[in-house]
Amino acid sequence: MSHPDVPALVVVVPLLTGLLTALALRGRWAWAAATLSSWLVLALVLDLALAVQHAPGGVVSYALGGWAPPVGIEYRVDRLNAFVLVVVAVMGAVVTPGARLGVEAAVPADRLHLFWGVWQLCQVGLLGITITGDAFNVYVLLEIGSLTTYTLVAMGKHRDRRALTAAFQYLVMGTVGASFLLVGIGYLLQVTGTLNMADMAARLLEPETARASGRTIRAAFSLIAAGVCLKMALFPAHTWLPGAYAHAPAPVSALLASTATKVGVYVAIRFLYGIFGRELSFERLPTGPLLLVCAAVAILAGSLLACRQRDLKRLLAWSSVAQIGYMALGVGLASKAGLAGALLHLLQHALVKGALFLAVGALVWRLGAARTDDLGGLGRRMPWTAGVLTLGMLGLVGVPGTAGFVSKWYLVTAALEQGLWPVAVVVLVGSLLAAAYALKVIEPLWAAPEDLPPPAGAAAWGGRESPFSSLVLPGLVLSALSLGLGLGLGGPAQGLALAAAEDLVPARGGP
Amino acid sequence: MEWLRLVPYWVYVALMMIGLYGAIARGNLVKKVIGLGLFQTGIFIFYISLAVVDGGTAPIAREGWEGPYTSPLPHVLILTAIVVSVSTMAVALALVIEVQRAYGTVEADELAALDAEGTEA
Amino acid sequence: MNAERRPLEEQVVVRKTAKLLIPFVVVFGVYMVTHGEIGPGGGFQGGVVIAAAYFLHALVHGLAEVQRVIPRRVTDALAALGVLLYAGVGVAALLRGGRFLEYAALGAPGDVVASRALGMTLVELGVGVTVAATMITIFNEVVDDGEH
């Protein structure tokens, strides 16, 4: 049985180690502490996820400070956030060890302890948003996660000053988004008189509440939807994302692309399905069509723009805009299969984008840059890195055998179930466009002639593979996980995603 | 006098819109930060207005007074939000200083021009 | 004309007023931090008041002087230590068999009121230290125009 204090420890452990890292450790020790802490968090989260599976009702609740909910702040783990917690913790535990060399190249040695401290605080924010059952807590932790993210992105300034303007733009958009969320939560507080999300949902269901304050609820809904879209970078609120991911140090992009926007998607699902409820969000308000249109534009425009990029980090960033579109698509379908597809896509995209950004980080570390023009013949010189890149790109396309295929299969099935064949067409066209930009990367890696001149800025390179254990292995682990998911070995993850979707969208005839 | 009770809400919406306009439409990064500050201050006023209870006093227990008190919860929330806002301002200003050091300007259009040069090169 | 051009630290009235005020500002700030558990005040407000004393000192005597008295690394460390104190209270409650931040588990068993007072005072102290140190750091960061 799981220890009752585990939910608190998931957040407290990285908080304590992060502060101690910034306070007392230096250089490589700071990285070691961050790694150990991320592994400890992973162990705690896995323990928690198992506890949720066996808990009555599938919910583990923790009353902070001993104050019983709904008065006190509650940490509430059900199948949905258990799933997202596992994603965030896995990505933290794999990306942190793989981030050391890239970070040491990007951040001055006397600031490393601060970097790793902030890195852990960022995880505190992301884990906290996911685990908490209190709406105001979501706002505060969202801001902790965001503020640390802005600083992490700005750390790219030593290599590329554009990181600063990108971080500033991210800050303005992120703050506006979080503030909209704050106003929306204020409206909900006024209507329901509570901040506990489960309690809020129950009170919103009462018919007299809906009658007396229907307009306030709709205003709250719009404000929260706007805020969440900014945070998860859904088109047309995606403009901060490409710059931030392209100019941040590659390990930071790996962490953010695989966790930060995913947590944004989680917050969207939590508010749409968990608090406002499926009936209000999708049957009384036209959220579904709106989400589907935004998602379709995100998929098509994001993929098209990704095709036009020559810088690999920027290419991956635009592809992220498109991939978030797939998740929004699943959320907008408002069916069990659609939601399960969104959750699976969340998981698979976290794994794949994490691996891709780590591989790009390895290229940047070796070559000084990662442009599609410089990739010629790298398949022979850096076979492992090139292999991770190739597998990741295939995953983005959704080739059968990769996890991307599984999640897109769910999405297409869900769309056809409801007779929305244009949605299925969008998914297919998006995948074709993804194939176009994937080929732009894969083709030169393996098909270029043997004797290509080494790229500029790679004087000290010598045509060697990246250091295996510290740069290549984490990417390989993520690729292996993604392949495993694609080859049907991801039973537990798939089961958890389906169960979470079932909790949120009860089968017809249910309560 | 019913309209008087709604004044804080009008003020909140006006402040928020002015702030949002500043944060988005202004070209100077410092003015954007000021806009963000106004935007968030508007929200604080909204929350504080929520807390009002007719005839309520400050929520401090004292002898011989059984209530009503204004609701302390929004005050506590806003105290936290103010701290968040101050931290955001701090990070934003630190970024502006770094931008000034790296680019020599804090005007968004000049920064965009300088960034575009970097991409061409 | 000439008087207006003189730097702040040469102006007798400003200097003497600041010298008179700063101790009271600090004491009032500490009072607010420690009083927060039973009345208006608390770590946030008190911490800012304490930081204001630092700003006043810096305005009158210059940043270099005040940074000599309280170096940057001290405030950096204090900012982290304050949060650690906060989290430490939470962990202490965990270790004593309560929930995270359950103040009632802190003191002698049974004496819930005193335990809660103790917990809140410690937490407010942590918040106060962190807020004061952070405000000072922000001030230093924004005012200090030199290299970091």
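Predicted model: local features only at pLDDT ≥ 70, side-chain atom pairs only at ≥ 80, totals over all residues.
## Strands β1 and β2 of chain A

Strand β1 of chain A spans residues 60-63 and is joined to β2(A) by 4 bridges. The two strands run antiparallel. Within this pairing, V60(A) lies opposite V77(A) of β2(A).

Strand β2 of chain A, residues 74-77, is covered on both faces. E74(A) and R76(A) point to one side, Y75(A) and V77(A) to the other, and all four residues are buried.

## Packing of helices α6 and α7 of chain A

Two packed helices are described by the angle between their axes and the distance between the axes. For helix α6 (residues 135-154) and helix α7 (residues 162-192) of chain A, the axes come within 9 Å and cross at roughly 175 degrees. An angle over 145 degrees counts as roughly antiparallel, so α6(A) and α7(A) are roughly antiparallel to each other.

On the α6(A) side, the contact is made by A135(A), F136(A), Y139(A), L142(A), E143(A), S146(A), Y150(A), V153(A) and A154(A). The residues they meet in α7(A) include A163(A), L164(A), Y170(A), L171(A), G174(A), L181(A), I185(A) and L188(A). By class, the contact of α6(A) with α7(A) has 18 nonpolar, 2 polar and 1 charged residues.

## Chain B

Chain B has 4 helices and 0 strands, and the order of its elements from the N terminus is α-α-α-α. The radius of gyration of chain B is 20 Å, whereas a compact globule of 121 residues would have a value near 14 Å. Along the principal axes, the C-alpha atoms of chain B fill a box of roughly 75 × 30 × 15 Å.

Buried residues make up 26% of the 121 residues of chain B. Of the contacts in chain B with a separation of 6 or more, 48% are between residues 24 or more positions apart.

## Contact of chain B with chain A

Chain B puts 27 residues in contact with 24 residues of chain A. Four elements of chain B give two or more residues each to this side: α1 (2-25), α2 (29-50), α3 (72-103) and α4 (108-120). The largest share, 13 residues, comes from α3(B). The side of chain B that touches chain A divides into 19 nonpolar, 5 polar and 3 charged residues.

## Chain C

Chain C has 6 helices and 0 strands, arranged from the N terminus as α-α-α-α-α-α. Its radius of gyration is 19 Å, well over the 15 Å that the globule rule gives for 148 residues, so chain C is more spread out than a compact globule. The box filled by the C-alpha atoms of chain C, taken along the principal axes, is roughly 70 × 35 × 20 Å.

Of the 148 residues of chain C, 37% count as buried. Among contacts in chain C between residues at least 6 apart in sequence, those joining residues at least 24 apart account for 62%.

## Contact of chain C with chain B

Between these two chains, 6 residues of chain C are in contact with 7 residues of chain B. Helix α6 of chain C, residues 112-143, gives the most to the side of chain C that touches chain B, with 3 residues. This side has 4 nonpolar, 1 polar and 1 charged residues.

Conventions
Residues numbered from 1 in each chain as written. Chains lettered and ligands numbered in written order. Buried ≥ 20, exposed ≤ 12 C-beta atoms within 10 Å, placed from the backbone. Pairing = 2+ DSSP bridges. Nonpolar A, V, L, I, M, F, W, Y, C, P; charged D, E, K, R; others polar. Rg over C-alpha atoms; globule rule 2.2 N^0.38 Å. Axes fitted to C-alpha atoms, helices over the stretch in contact; angles between N-to-C directions. Parallel < 35°, antiparallel > 145°, perpendicular 65-115°, else oblique.
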